[in-house]
Amino acid sequence: MDGAWYASWRHLFKLDPDRELSDEALDAICMSGTDAIMVGGSSGVTFDNTVELLSRIRRYAVDCVLEVTSLEAAVPGFDYYFVPLVLNAEKAEWLIGRQSEAVREFGQLIPWEITAGEGYLILNGEATAAKVSGARSDMTEDEAIAYVQAADRLMRLPIVYIEYSGTFGDMSLVKRATKSVSQARIIYGGGIDSVERAAEAARAAHTVIVGNVIYSDLESALATVQAVKETSLVV
Ligand code: 1GP
């Protein structure tokens, strides 16, 4: 969606409140030139560890967006909020059940103008998010594209997040997804641990997320920023 707050984002780092990160590493991440920091995780995310991470990131000017996966960890004070709807979840509660419960409970407090829904398509069955939501990840490319188009054109979701967390995905599928949308932005995340992979993903998706490698190889993580920024989308 042109003009939206996330519309120009090409590169994001995703930090997990349940994982340790030194002040030096956080400084390097926040000063890296990334477009924003996304805070989120699939397990062990609490109000307390989310507040703590937010307050550490707040020492920097970088934008900070919370991916809200549980009511308990919906912390106020972020610049923006993403709310995932797991498109291929076997359990309906992950598609819209938990989200509507949150609206019922916190409707008055939700800052809608800085909140956007993300249609999540989880394509790595081994990812924690797949296990938690019971996502059906074994699908053909045509099926995946159909999910993307349903999210984009039927549900009019502003974002479709192709999630391969923990493994590098099929970039031809991601490219096809990006080509197939009419208004949604395609976010890709999963297994980006080098400049080569970062550039490949940046050619295929509007926005690229880098997660795990922050914790295992900080230098490689930092190098992905420039790699993504120097690469144009080719679809
Ligand atoms: C996780 O998509 C993100 O939700 C990033 O994946 O941790 O594999 O980089 P990785």
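Ala, Val, Leu, Ile, Met, Phe, Trp, Tyr, Cys and Pro are counted here as nonpolar, Asp, Glu, Lys and Arg as charged, and the others, Gly among them, as polar. The model is predicted: local features need pLDDT of at least 70, side-chain atom pairs count only at pLDDT 80 or more, and totals for chains, interfaces and linings use all residues. Residues are numbered from 1 along each chain as its sequence is written, and side-chain values use heavy atoms, with hydrogens and water left out.

**View 1. Residues surrounding the ligand.** The shell comprises Lys14, Tyr161, Glu163, Ser165, Gly166, Gly189, Gly190, Gly191, Ile209, Gly211 and Asn212, each with a heavy atom within 4 Å of the ligand. By class, two of these residues are nonpolar, seven polar and two charged.

View 2. A backbone N or O atom of Gly191 lies 2.8 Å from a ligand oxygen atom. Polar backbone atoms of Gly211 and Asn212 also face ligand oxygen atoms, at 3.0 Å for Gly211 and 2.8 Å for Asn212. The protein buries 92% of the 300 Å² that the ligand exposes when taken alone; these accessible areas come from the Shrake-Rupley method with a 1.4 Å probe, and for residues only the protein chains shown count as cover.

View 3. Strands (E, at least two residues) and helices (H or I, at least four) are DSSP runs, numbered from the N terminus. In strand 7 (residues 185–189), five of five residues are buried, that is, under 20% relative accessible area with a 1.4 Å probe and protein chains only. Arg185, Ile187 and Gly189 point one way from the strand, and Ile186 and Tyr188 the other way. Strand 6 (residues 159–163) runs parallel to strand 7 and is joined to it by five bridges, where pairing requires at least two DSSP bridges. Tyr161 has Ile187 as its bridge partner.

View 4. Three bridges pair strand 8 (residues 207–210) with strand 7 in the parallel sense, and Ile187 stands opposite Thr207.

Notes
Polar contact = N/O pair within 3.5 Å; in protein donor to acceptor, adjacent residues only side chain to side chain. Buried < 20%, exposed > 50% of the residue type's maximum accessible area, 1.4 Å probe, protein only.
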